[in-house]
Amino acid sequence: MGIGPIEGASVVFLQGFAQFDTPWAPVMDAGAASSPARGIGGVPGAVAYSLAEKTNLGIHTEMFNDAMFSLVQAGAVTGACKNIHPGKVVFSFAAGGPDLMNYVDDNPECVIMPLSKAINDHDCGKNDSFVSINTCLMVSLTGQVAAEAVNWIQISGTGGQLDLVRAARNSKGGKSFFVMPSTRQLNSGETISNIAVGLPAGTPVTTPRTDIQYVATEYGCVNLRYRSNVERIQALIGIAHPDFREDLRAGVLAEGITI
């Protein structure tokens, strides 16, 4: 999900989780361009709620959904601060309810582009203060992001996540966020941490550690850019669920790393 300047932002790629607070929202400036989260569920709704009182946001994203449309309805989206396609909602496809479909139907405020154009990291990055907001399944303590599969179990596709993360990197004043709950419950009923010492065997890396910037859970938001491995480990343990922090520290020490 990408958001234009917040006073003018565009939003990027979110997949849903329930009951999620958004401690990252204060880090985002007004007038930003962003790519909002793609997906259905609690996280996109939480993101939209947290941005509803912003002004002059701009949307430049892969999938335009009900959560993003709620920002349009709230008057938070004008696109006035976007450098490319100012005043327009830019996306590749829309998925949502009848109000959303009626809005995009023959609407000159909407620009629908092929994915190769809509989420091109160089083009999106021409918007100043571009904000990319993604969710994921798991993050390792060094910042490797898994958003499509865990172990050998495929859950989703890569989507436009990495493109929009890099668009934020290319943007003047851009910021990239990964937003996720600190834990999840398996089908067996077991609760596990979404922050792990390392990604499990067979888990593909969707966004490399070299591209990651902000990571947020309900326990806080940390900036990993330009941090050493030890600094990243300390920061991520600090936003892990308290029930798992000692296990994470023990796992790191078992690998011979002193923190």
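Is glutamate 218 buried, partly exposed or exposed, and what is its relative accessible area? Keep that one in mind for the last views. What you see above is a predicted model, where local features need pLDDT of at least 70, side-chain atom pairs count only at pLDDT 80 or more, and totals for chains, interfaces and linings use all residues. Residues are numbered from 1 along each chain as its sequence is written, and side-chain values use heavy atoms, with hydrogens and water left out.

**View 1. The largest pocket and its lining.** About 260 Å³ of space lies in this pocket. Here a pocket is an open set of points on a 1 Å grid over the protein atoms alone, where a 1.4 Å probe fits and protein lies on both sides within 12 Å along at least five of seven lines. The volume is the space filled by probe spheres set on the points, which are joined across faces, edges and corners. The lining counts 15 residues, and Met138, Val150, Asn151, Arg184 and Ile192 lie nearest the centre; a lining residue has an atom within 4 Å of a point. Strands β15 (191–193) and β16 (195–196) are the elements that give two or more residues to this lining. Helices (H or I, at least four residues) and strands (E, at least two) are DSSP runs, numbered from the N terminus. Sorted by class, the lining has eleven nonpolar, three polar and one charged residues. Nonpolar covers Ala, Val, Leu, Ile, Met, Phe, Trp, Tyr, Cys and Pro, charged covers Asp, Glu, Lys and Arg, and the others, Gly among them, are polar.

**View 2. An aromatic cluster of Phe64, Phe69, Phe91 and Tyr103.** Five aromatic pairs turn up in the structure. In phenylalanine 64 and phenylalanine 69 the ring centres are 6.4 Å apart and the planes stand at 85°, so this pair is edge-to-face. Rings of Phe, Tyr and Trp (its six-membered ring) pair if their centres lie within 6.5 Å; planes under 30 degrees apart are stacked, over 60 edge-to-face, and the rest tilted. Phenylalanine 64 is buried at 0% relative accessible area, and phenylalanine 69, at 7%, counts as buried too. Buried means under 20% relative accessible area, exposed over 50%, and partly exposed in between (1.4 Å probe, protein chains only). Isoleucine 59 and phenylalanine 91 are 32 residues apart in sequence, yet 7.9 Å apart in space, C-alpha to C-alpha. Isoleucine 59 belongs to strand β3 (residues 58–59) and is buried, with a relative accessible area of 0%.

**View 3. A charge over a ring: arginine 245 and tyrosine 219.** The charged end of arginine 245 sits over the tyrosine 219 ring, 5.6 Å from its centre. To qualify, NZ of Lys or CZ of Arg must be within 6 Å of the ring centre and within 35 degrees of the ring normal.

View 4. Look for histidine 85 in the loop between α2 (66–73) and β5 (89–91), where it counts as partly exposed at 31%.

**View 5. Helix α6 (residues 161–170) and its buried residues.** These are Gln161, Leu164, Val165, Ala167 and Ala168. Down the axis of α6, they fall within an arc of 155°, so they line one face of the helix. The arc is taken from the directions from the helix axis to the C-beta atoms.

**View 6. Back to glutamate 218, in the loop between β17 (214–217) and β18.** Glutamate 218 is partly exposed, with a relative accessible area of 28%.
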